[in-house]
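Here is a friendly walk through one protein model. Have the sequence and the 3D view ready as you read.

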Amino acid sequence: MRNILLTIAYDGTAYSGWQRQHDRPTLQGTLEDRIRIITGEQVSLHGAGRTDAGVHALAMTANFITRTSIPYTGFVKGLNSMLPADIRILAAEERAPGFHARKNAIGKEYQYFIRTGEICLPTERLYCHHISWTPKLELMRESLGLLKGKHDFTSFEASGSRDPSVVSGRGAVRTLTRVELLRPEKCADHFSMVIAGDGFLRHMVRNIVGTLLEVGRGSITPSGFAEILAARDRNEAGPTAPAQGLFLNRVDY
């Protein structure tokens, strides 16, 4: 038996998220179907996470167990020849028998892209969140910096993220190692937020971004943002930012 780890890039626009569903197209389901064809086996593909419908990935990782002797290059070339153009296998490698793409991950990095101005180009509409107003980026940057380190992120946790009655484990506590607002020098109407950490709750990044945009609008002050974080109450935070602006940049092991 071999434990194969795939690194996958995808445009999530046409899919109802990562997790397999019986009546909707998903990334896990599409990949498992092609792996079955190439290996002749019914496999379970274990992703490093479960991206939502419309979210994209530059380097998602997922592993599966197989008896086939297909070489690594064969998985890359063979699967890419059968997959739709919005999914690509970037690499394949063998891992130890007990390795699990999600359980062994020690961190992930996400990036959320935003375009400002009156008009969003049609070619960008599926890959950024468009706002027609000019945000106060320095206030957003100041607020974003408050998230670095270890915190309870209940205020930015969507319902269904976890069972709140379970007292063991780390609950909603996560440690963010990088929080940065980036603005290209030659592209004044674009900016993004990079958020990396040891784990993420459901919709956590999108809820953070949605709340930060309220800071950028002037509806919430940086001190108010700090109070929202401390409140541990999702009702205190801002709206969930749209899915299409979010990219999974990488998974760390």
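## Starting from Ala 92

Leaving aside neighbours within four places in sequence, which residues is Ala 92 in contact with? In this predicted model, the partners of Ala 92 are Ile 4, Leu 5, Leu 6, Tyr 72, Phe 75 and Val 76. Ala 92 sits in strand 4. With a relative accessible area of 14%, Ala 92 counts as buried because the cut-off is under 20%.

## Leu 6 and the nonpolar core

Leu 6 touches Ala 92 as well as Leu 79, and its other contacts beyond four places in sequence include Ile 35, Met 60, Phe 64 and Ile 89. In the largest nonpolar core, which has 63 residues, Leu 6 is one of those with the most contacts, along with residues including Ile 8, Trp 18 and Phe 153. Helix 4 (residues 204-217) supplies the largest share of this core, 7 residues.

## The largest pocket

The largest pocket holds about 1,200 Å³ of space. Its lining has 42 residues, and the closest to the centre are Ala 48, Gly 49, Arg 50, Arg 102 and Phe 200. By type, the lining divides into 13 nonpolar, 16 polar and 13 charged residues.

Notes:
Residues are numbered from 1 along each chain as its sequence is written. This is a predicted model: local features need pLDDT of at least 70, side-chain atom pairs count only at pLDDT 80 or more; totals for chains, interfaces and linings use all residues. Side-chain values use heavy atoms; hydrogens and water are left out. A nonpolar core is a set of buried Ala, Val, Leu, Ile, Met, Phe, Trp, Tyr and Cys residues joined through side-chain atoms within 4.5 Å. Buried means under 20% relative accessible area, exposed over 50%, partly exposed in between (1.4 Å probe, protein chains only). Helices (H or I, at least four residues) and strands (E, at least two) are DSSP runs, numbered from the N terminus. Contact means heavy atoms within 4.5 Å. On a 1 Å grid over the protein atoms alone, a cavity is a set of points where a 1.4 Å probe fits but cannot get out, and a pocket is an open set with protein on both sides within 12 Å along at least five of seven lines; lining residues have an atom within 4 Å of a point. Grid points are joined across faces, edges and corners, and a volume is the space filled by probe spheres set on the points. Ala, Val, Leu, Ile, Met, Phe, Trp, Tyr, Cys and Pro count as nonpolar, Asp, Glu, Lys and Arg as charged, and the others, Gly among them, as polar.
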